[in-house]
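Biologist: Hi, I'm new to this one. Could you walk me through it?

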Amino acid sequence: MENSKSLEASYSSKTNSTVVLVEPSNSSTGNKGKLTFHLALGAIVCFAGSSLQFGYNLSVINAPQSVIEKHFENVKRFKEFLWPFAVAIFAVGGMGGAFIGPYIAKAIGRKRTLMLNNALAISGGIFLGVTKMADSVTILVIGRFLVGINAGVNTVVAPMYLSEIAPINLRGSLGTLNQFGIVSGLLLGNILGLGEILGNENGWPYLFAITGVIGVLQLCVLPFCSESPRYLLAIKKDEANAIINLQKLRGSDDVQAEIQEIKMDAEKEASQETVSIIETIFKNS
């Protein structure tokens, strides 16, 4: 009986010690879940400057349709062909932007890609804003095509940037900001497009030009945001800058554990075969 009790005590002691060993240490995970200033800044910039921008340009064209059709009523086949073409060219630009976005982000970085993308938003906003003054359908189409490319790049690179700067336990919640920004932009475009606000004869050029203002604001704030540590370490092999940017994002100097995780993930990805979109399309042809 005594031997049985001693065996039970020994087993219990070993079991308890095993449980203690697998418990995560507070020192290694305590700083990973914080919503720091630099992390919040990056999330807000992506929300307001990229996702909201896309949703806004998607919806803003609808409300002033009758006003614009009246303005160009003397243009041949405007209502039957040119106006639908101006609306649809946004999607064509979006496909192109979504295709080239990942390649640019890999070449120059996530943050720089978003900064460069604002040139399209600003130039597109200028084209759209002067459409009435220039009385040109061509300028309208060019402006819509430029903001379409901007939207395509944003839909690919902004979620990529957010997922790479966010800690694991906040990655899901911050990732939803992309969808929330899009629907917020849809709502904003429809509200500002009301006839009583900007969806009228005098206001529709300003309604379209707002996209350029959003681009300017994002361009001014992005330099203060951190670059993706994953990009710096896994692609650029710049460990020093990766550590600096990760420390800003986490609000802590203790980031070596996460740096090692990024290195391990990069090694796994490097060992896997990558297939491009073109190769995927023509693989079985």
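Below we chat about the overall fold, the salt bridges, the rings and the surface.

Modeller: Happy to! This is a predicted model, where local features need pLDDT of at least 70, side-chain atom pairs count only at pLDDT 80 or more, and totals for chains, interfaces and linings use all residues. Residues are numbered from 1 along each chain as its sequence is written, and side-chain values use heavy atoms, with hydrogens and water left out.

Biologist: Thanks! How many helices and strands does the protein have?

Modeller: There are 14 helices and 0 strands. Helices (H or I, at least four residues) and strands (E, at least two) are DSSP runs, numbered from the N terminus.

Biologist: And what share of the residues is buried?

Modeller: Of the 285 residues, 40% count as buried. Buried means under 20% relative accessible area, exposed over 50%, and partly exposed in between (1.4 Å probe, protein chains only).

Biologist: What does UniProt list as "transmembrane region"?

Modeller: The unreviewed UniProt entry lists several spans, including 81-101 and 206-226. UniProt positions are in the numbering used here, feature names are shortened, and annotations may be inferred rather than shown by experiment. In the model, residues 81-101 are 100% helix, with end C-alpha atoms 30 Å apart. Residues 206-226 are 76% helix, and their end C-alpha atoms lie 32 Å apart.

Biologist: Switching topic: how many salt bridges does the structure hold?

Modeller: It holds 5, a salt bridge being a side-chain nitrogen of Lys or Arg within 4 Å of a carboxyl oxygen of Asp or Glu. One of them joins E201 and K132, at 3.6 Å from N to O. E201 is in the loop between α9 and α10 and K132 in helix α7 (residues 131-134), so this pair ties together parts 69 residues apart in sequence.

Biologist: Which partner does E239 have?

Modeller: E239 pairs with K263, and their closest N and O atoms are 3.1 Å apart. That links helix α12 (residues 239-250) with helix α13 (residues 256-271). E239 is partly exposed at 30% relative accessibility, and K263 is partly exposed at 27%.

Biologist: What about R250 and E258, buried or exposed?

Modeller: R250 is buried, with a relative accessible area of 2%, and E258 is buried at 10%. Their side chains meet in a salt bridge of 2.8 Å, N to O.

Biologist: Nice. How many aromatic pairs does a search of the whole structure find?

Modeller: The search finds 7. Rings of Phe, Tyr and Trp (its six-membered ring) pair if their centres lie within 6.5 Å; planes under 30 degrees apart count as stacked, over 60 as edge-to-face and the rest as tilted. F78 and W83 have ring centres 6.1 Å apart and planes at 45°, so they make a tilted pair. Both of these residues are buried, and ring pairs link F72, F78 and W83 into a cluster.

Biologist: And how are F81 and F85 arranged?

Modeller: They are stacked, with 5.8 Å centre to centre and 20° between the planes. Both lie in helix α5 (residues 78-108), about one turn of the helix apart. F81 is partly exposed at 42% relative accessibility, and F85 is partly exposed at 37%.

Biologist: Last one: where is F224?

Modeller: F224 sits in the loop between α10 (204-221) and α11 (229-235). It counts as exposed at 60% relative accessibility. From C-alpha to C-alpha, F224 is 8.9 Å from G42, although the two are 182 residues apart in sequence.
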